[in-house]
Every structure is written in structure tokens, then in C-alpha cells.
Amino acid sequence: MIGSTSFLFFLAAALVIALTPGPGILYVAARTLAGGRGEGYASVLGTGLGGFVHVTAGAVGVSALVLASAEAFTLLKFLGALYLIYLGIKTWRGARAAPGLGLVAATGAARAFREGVLVEALNPKTAAFFLAFIPQFVDPHAGGVALQFVLLGVISVALNTAVDAVVVHGATSLRARLLRRPDLVRRLRQTAGGVMCVLGISLALTRRPA
């Protein structure tokens with residue numbers, strides 16, 4: 001059982017980390033600005049599920065094995081980077097073809113969900129975060145180390161998901177004001193695509209943790 005003091009400190013630290021703008025927040029904001037609230041919330045659910053992939057992998061030690069292998073880390077890193085860049089280019093090209101904001105079809109939301117899962121699951125930064133942050137609050141003397149890791153990981157993912165949902169709400173409000181300005185919307189979509197490409201490049205430059 002996790003001590004109450006340690007748990008409260010974990011909650012405070014995890015909340016600060018969740019509120020700190022990072023690749024996840026920027027990605028969700030970009031998807032919302034590009035496709036609307038439905039696509040934004042779908043991407044939030046996707047990145048949340050992708051986070052659970054790392055929680056599960058960390059609990060069974062898979063992430064530790066990936067981070068211990070330079071080849072595995074590099075492969076995962078470039079797969080995630082290339083996928084983000086692909087999404088960015090696709091969004092940029094779609095912005096030039098779209099006459100306006102339009103409506104997001106159900107298939108668009110489903111695609112945003114799948115992309116969110118892959119973007120987060122293929123991000124070694126997330127694996128490194130969980131393995132570097134969560135173990136500090138796990139008490140090996142209390143038993144159930146894997147269960148403690150999963151519990152803290154789920155809480156961390158839930159906090160991140162809640163913050164991402166707030167970001168979607170804010171980005172949707174901004175987007176709604178642009179409904180009658182198609183030229184500006186087109187530039188906004190292009191900016192969203194550019195943000196995804198930058199995130200992909202940033203991921204590609206990530207170094208393997210020591």
C-alpha cells in the first residue's frame with residue numbers, strides 16, 4: 001500500500017507535469033483546430049489509450065527492455081516520428097483542398113482516435129517518463145510493485161487526459177470564432193500540420209535515456 005504522504009506528493013507532481021505544455025497537448029490542440037471538437041476529443045481518447053499501453057508495458061518490464069536496447073529505442077523513435085510527420089503533411093495538404101471548416105464525419109473522429117493511439121504508443125518519451133517518474137513513488141517493501149506501478153500510471157494518464165480535454169474545449173472556442181473566415185482557417189489548418197511535423201522532428205531528435 002502506498003503511503004499517504006508519498007501519494008499526495010505524487011498527485012501534486014503529476015498534476016504539474018500534466019499542466020505543462022508538451023507534445024501531447026500540442027498534438028491534441030492541433031487536431032482540434034484542424035478538424036473540430038469531435039476530432040479533438042477522439043484524439044484525446046486515443047492518446048489516453050496510448051498512454052495505457054506504456055503503463056502496461058512498464059508494469060511488465062517491456063518498456064525497460066526497449067530503453068535498454070539502443071536499436072529498439074531508435075526503431076520505435078523513428079516510427080513515431082515518421083508517423084507524426086506523415087499526419088502533419090496530410091493535414092497541410094488537406095487544408096489547401098478544403099474550402100472551409102466543414103463538419104467532421106464519424107470516420108474522421110475514428111481516424112483521429114486511431115492516430116492518437118499510435119502517436120502516443122510510438123512515443124518513447126512517454127515510456128521514458130513513466131520509467132523515470134513513477135518508480136520514485138513505488139514502495140517495494142509494501143508488495144505488489146507491478147500493481148502500484150499500474151495504479152500510479154493510470155492516475156497519471158487520467159490527469160493528462162483531463163488536461164487534454166480542457167485544451168480541446170479552449171481550442172474549439174477559438175475555432176468557432178473563425179467559421180466565417182475560410183482563409184484564416186486554411187492557414188490555421190496549415191499551422192496545425194506544421195505543429196505535427198515539428199513534433200515529429202522533435203521526437204526524431206530524442207536521445208536514448210542513459
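User: Which helix holds Gly80?

Analyst: This is a predicted model: local features need pLDDT of at least 70, side-chain atom pairs count only at pLDDT 80 or more, and totals for chains, interfaces and linings use all residues. Residues are numbered from 1 along each chain as its sequence is written, and side-chain values use heavy atoms, leaving out hydrogens and water. Helices are DSSP runs of H or I with at least four residues, numbered from the N terminus, while strands are E runs of at least two. Gly80 lies in residues 70–97, which is helix α5.

User: Is Gly80 buried or exposed?

Analyst: Buried means under 20% relative accessible area, exposed over 50%, and partly exposed in between, using a 1.4 Å probe and protein chains only. Gly80 has a relative accessible area of 2%, so Gly80 is buried.

User: How many Å apart are Gly80 and Gly200, C-alpha to C-alpha?

Analyst: In sequence, Gly80 and Gly200 are 120 residues apart. In space, their C-alpha to C-alpha distance is 7.2 Å.

User: Which residues does Glu120 touch, not counting residues up to four places away in sequence?

Analyst: Glu120 is found in helix α6 (residues 106–121). With a relative accessible area of 14%, Glu120 is buried. Contact means heavy atoms within 4.5 Å. Beyond residues up to four places away in sequence, Glu120 touches Thr47, Gly50, Gly51, His54 and Thr126.

User: Why is Phe52 called partly exposed?

Analyst: Phe52 lies in helix α3. Phe52 is called partly exposed because its relative accessible area is 31%.

User: Which residues form the nonpolar patch on the surface?

Analyst: Like charges are joined within 9 Å, and nonpolar side chains (Val, Leu, Ile, Met, Phe, Trp, Tyr) within 5 Å. Accessible areas come from the Shrake-Rupley method with a 1.4 Å probe; for residues, only the protein chains shown count as cover. Together the patch has about 270 Å² of accessible area, and its residues are Leu49, Phe52, Val150 and Val154.

Notes:
Patches are made of residues with over 30% relative accessible area and no salt bridge: like charges are joined within 9 Å, nonpolar side chains (Val, Leu, Ile, Met, Phe, Trp, Tyr) within 5 Å. A salt bridge is a side-chain nitrogen of Lys or Arg within 4 Å of a carboxyl oxygen of Asp or Glu.
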